[in-house]
Amino acid sequence: MNDIFSTLKLPDLITLLNALCGFGAIVAIQYGMVQLSCTLILLAAIADGLDGSMARYIGGSDIGGSLDSLADVISFGVAPAIIITTYISEFVTFVAVCFYLICGILRLARFNISKPDSAFFKGLPITAGGITVAAIILVDEGHLQSIAVAAGCIILGMLMVSSIPYMKIRSKKKTLPLTLIFAISIVSYFLDPAFTSIATVPLMLAMMLYIISPIFIRNMGKDIHEHNKQHN
């Protein structure tokens, strides 16, 4: 037992915090604490981003990559799936959530065996899927319909297993504003949950923008290609 603990590094401990936040989200929703459950997913997302940054700076362990995927399955696959089925308990939603979860698992499996790309992810990251689910439910005040939720789960699932390139957000120019948006949503819950739905709107919009971002990247690439052709 001591051998496994001795291999752990700081990034791994942050990854385990990610998993614990995901587990906490599952427990919270069982007690009807929807906002807390979704907020814990947002905290798990922060831990997921932090462990990767720490691993790049100080180095990770041999089990770091596998540990990260296992934690992500809990926090951004299983936890959102349970939250959705508890929030809207209808058969059509259950089927769509199963699809979302399966696609999330397949996406992580593909990621584990694929060659790393420094600039893009292949398919929508499962973390982004989980954040999107949490943000939408935090903003919603009981108005979501089962068909809309089911359609959203299917779209997220298809994007996760797609080959669409999604930009990795690592530069300070992008991470600092995003961190602030996350902080506003999370802090609002602990200060006054009544304002959480309003405070999470910027995060929800940011996630929607990220989901459709490949459209802009593709158009930008076409513009650059046309520009190069004209000047050659």
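**Exercise 1. Which residues have the most contacts inside the largest nonpolar core, and which elements give two or more residues to this core?**

Step 1. A nonpolar core is a set of buried Ala, Val, Leu, Ile, Met, Phe, Trp, Tyr and Cys residues joined through side-chain atoms within 4.5 Å. Buried means under 20% relative accessible area, exposed over 50%, and partly exposed in between (1.4 Å probe, protein chains only).

Step 2. The largest such core holds 47 residues, and those with the most contacts inside it are Ile41, Leu42, Ile84, Leu124, Ile131, Cys153 and Leu203.

Step 3. Two or more residues each come from α2 (10-30), α3 (34-58), α4 (64-87), α5 (91-113), α6 (126-139), α7 (146-161), α8 (172-191) and α10 (201-230). The most come from α6, which gives eight residues. Helices (H or I, at least four residues) and strands (E, at least two) are DSSP runs, numbered from the N terminus.

Step 4. Contact means heavy atoms within 4.5 Å. Leu203 is in contact with Leu42, Ile131, Ala135, Ile181, Phe182 and Ser185, leaving aside neighbours within four places in sequence.

The model is predicted: local features need pLDDT of at least 70, side-chain atom pairs count only at pLDDT 80 or more, and totals for chains, interfaces and linings use all residues. Residues are numbered from 1 along each chain as its sequence is written, and side-chain values use heavy atoms, with hydrogens and water left out.

**Exercise 2. How many helices and strands are in the protein chain, and in what order do the elements run?**

Step 1. The protein chain has ten helices and two strands.

Step 2. Read from the N terminus on, the order is α-α-α-α-α-β-α-α-β-α-α-α.

**Exercise 3. What radius of gyration does the protein chain have, and what would a compact globule have?**

Step 1. The radius is taken over C-alpha atoms, and the globule rule is 2.2 Å times the number of residues to the power 0.38.

Step 2. For 232 residues a compact globule would have a radius near 17 Å; the protein chain has 18 Å, which agrees.

Step 3. The C-alpha trace spans about 65 × 50 × 35 Å along its principal axes.

Step 4. Of the 232 residues, 40% count as buried. Among contacts with a separation of 6 or more, 80% are between residues 24 or more positions apart.

**Exercise 4. Is Tyr210 buried or exposed, and which residues is Tyr210 in contact with?**

Step 1. Tyr210 lies in helix α10.

Step 2. Tyr210 counts as buried because its relative accessibility is 11%.

**Exercise 5. Is Glu141 buried or exposed, and which residues does Glu141 touch?**

Step 1. Glu141 lies in the loop between α6 and α7.

Step 2. Glu141 has 56% relative accessibility, so Glu141 counts as exposed.

Step 3. Not counting residues up to four places away in sequence, Glu141 touches Tyr87 and Ser197.

**Exercise 6. Where does Gly152 lie, and what is its relative accessible area?**

Step 1. Gly152 lies in helix α7.

Step 2. The relative accessible area of Gly152 is 28%, so Gly152 is partly exposed.

Step 3. Gly152 and Val97 are 55 residues apart along the chain, and their C-alpha atoms are separated by 9.4 Å.
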